[in-house]
Number of protein chains: 2
Amino acid sequence: VVAALRRILPAEDIVYLGDTARVPYGSKSGATVVRYARGCAASLLAERIKLLLIACNTASAFALETLQAELPVTVLGAVEPGARAAAAATRSGVVGVIGTLGTVQSGAYGRALARLAPQVRVVSRACPLLVPLAEEGWTENEVAVAVARRYLTPLLADAPDLDVLLLGCTHYPLLRETLAEVVNDLAGHPVAVVDSAHTMATAAREELSRRGLLRPVPSDGRRGALDVRVTDDARIAEVGSRALGEPIAVVHRVDL
Amino acid sequence: VVAALRRILPAEDIVYLGDTARVPYGSKSGATVVRYARGCAASLLAERIKLLLIACNTASAFALETLQAELPVTVLGAVEPGARAAAAATRSGVVGVIGTLGTVQSGAYGRALARLAPQVRVVSRACPLLVPLAEEGWTENEVAVAVARRYLTPLLADAPDLDVLLLGCTHYPLLRETLAEVVNDLAGHPVAVVDSAHTMATAAREELSRRGLLRPVPSDGRRGALDVRVTDDARIAEVGSRALGEPIAVVHRVDL
């Protein structure tokens with residue numbers, strides 16, 4: 001998500017907080033995820049932010065409405081932008097959603113698609129191994145392919161006509177090529193793979209523009225600052241740089 | 001570990017605390033693991049326990065000495081019992097240790113084996129995907145085999161004579177059959193697979209016996225109580241019962 005924001009909103013300063021001491025959120029209960037999301041949001045609000053993005057589908061699925069109701073800034077989640085991208089991409093009207101246990105069990109994507117595109121049929125599947133696979137950097141080897149086949153085979157059996165696979169977790173774009181290859185092979189017809197990162201960044205730009213809060217790109221073309229904070233600094237340099245596609249110069253550790 | 005304790009110390013009451021809201025510990029920094037282990041220990045000490053077992057190799061590797069120095073009860077970790085089992089089992093004098101990133105990077109097994117059996121050569125490898133594999137219940141399928149081959153192949157290439165594979169993580173016994181099959185196949189000679197659960201329970205019995213604190217099995221053969229506590233209750237009934245080999249009747253949630 002940060003990589004997409006850096007492309008689409010190059011002049012904005014970004015404060016990124018990764019709750020690395022308590023991740024993954026994907027297999028935890030809604031109550032725990034809401035509690036952690038509240039703490040993360042409070043820490044970011046202290047920086048006088050103008051917009052809060054929940055760049056995690058599990059936290060969005062469980063905590064978006066709570067944070068929107070409680071916080072004094074606009075809060076955008078990952079689910080609605082992802083659902084919007086999927087609704088725009090499907091021709092057959094059948095969309096597959098993969099995500100964490102929490103995201104899938106919450107039913108958040110089904111509800112969002114029912115609002116945005118009531119005629120679309122949604123099938124979903126929790127894929128708990130994809131996050132650790134992405135963090136291990138095994139994104140294209142024989143293990144990644146075997147895991148993808150095992151998760152996607154029942155999805156295609158259940159919905160042979162699906163023509164969109166929505167990556168309902170912000171880790172999954174790291175596995176995009178493998179997932180695309182496997183889902184197209186299993187379907188036997190073209191399946192579009194969409195995620196929420198780009199759509200989320202676009203939604204952020206629209207929201208800032210609507211409220212007159214967009215920062216113009218300066219004449220010298222200088223990019224905004226990127227302030228990276230984590231609750232545990234064990235692996236952020238390696239995993240974070242791989243996901244962001246640019247080296248991370250300085251990382252601050254915060255206690256939550 | 002609890003399953004082994006229930007067999008070896010059937011009359012003892014056990015208070016088990018799983019920090020499920022913040023697991024896995026395996027990829028986190030030593031500082032974070034020590035902080036969390038201190039909080040867990042404080043919560044258990046409130047129950048007037050007579051012995052504290054750190055039934056997690058990562059927490060043992062990073063926090064054992066701190067907890068031993070700070071707490072008023074005897075503290076046993078997983079590393080020393082595991083190293084003892086490996087030293088007893090090897091004939092070739094070459095032992096392979098697999099564990100989490102934290103356990104392997106800490107070097108705790110190398111130090112323990114250097115103390116117990118200085119002539120033994122230790123090779124080790126971090127296997128971050130094995131914990132999520134075990135929690136997904138994929139313990140014997142084609143994914144488990146592919147993951148095991150990928151982790152163990154370089155270990156055997158580095159140490160062709162190894163004849164003991166030490167499971168340096170309390171999740172790994174769930175994958176024992178697959179790991180044993182793959183390591184024996186790769187080695188081409190018999191490799192013993194050992195873990196710390198049984199040795200840890202034996203060490204607990206010895207310690208209690210030495211201090212005259214063993215509870216005798218009552219004449220009616222009634223087993224001790226098992227009090228299961230977690231910091232997040234999303235998946236304990238499913239994952240916990242599978243690991244323990246008995247249904248878990250009641251689970252209490254505690255906030256840390």
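The following legends describe close-up views of a predicted model.

In this predicted model, local features need pLDDT of at least 70 and side-chain atom pairs count only at pLDDT 80 or more, while totals for chains, interfaces and linings use all residues. Residues are numbered from 1 along each chain as its sequence is written, chains are lettered from A in the order in which they are written, and side-chain values use heavy atoms, without hydrogens and water.

**View 1. Packing of helices α8(A) and α9(A).** Helix α8 (residues 142-158) of chain A packs against helix α9 (residues 176-187) of chain A at an angle of about 45 degrees, and their axes lie 9 Å apart. Helices are DSSP runs (H or I, at least four residues), numbered from the N terminus; axes are lines fitted to C-alpha atoms over the stretch in contact, and angles run from 0 to 180 degrees between N-to-C directions.

**View 2. Residues joining α8(A) to α9(A).**

**View 3. The interface of chain B with chain A.** Here, 31 residues of chain B are in contact with 32 residues of chain A. The two chains bury about 2,500 Å² between them, 57% of it on carbon and sulfur atoms; buried area is the accessible area (1.4 Å probe) lost on putting two parts together, summed over both. In chain B, Leu129(B), Trp138(B) and Arg150(B) lose the most area to chain A, together 21% of what that side buries.

**View 4. A salt bridge between the chains.** Arg150(A) and Glu142(B) meet through their side chains in a salt bridge (2.9 Å, N to O). The count between chain B and chain A is 4 salt bridges, each defined as a side-chain nitrogen of Lys or Arg within 4 Å of a carboxyl oxygen of Asp or Glu.

Definitions and conventions: Helix = DSSP H or I, 4+ residues; strand = E, 2+ residues; numbered from the N terminus. Contact = heavy atoms within 4.5 Å.
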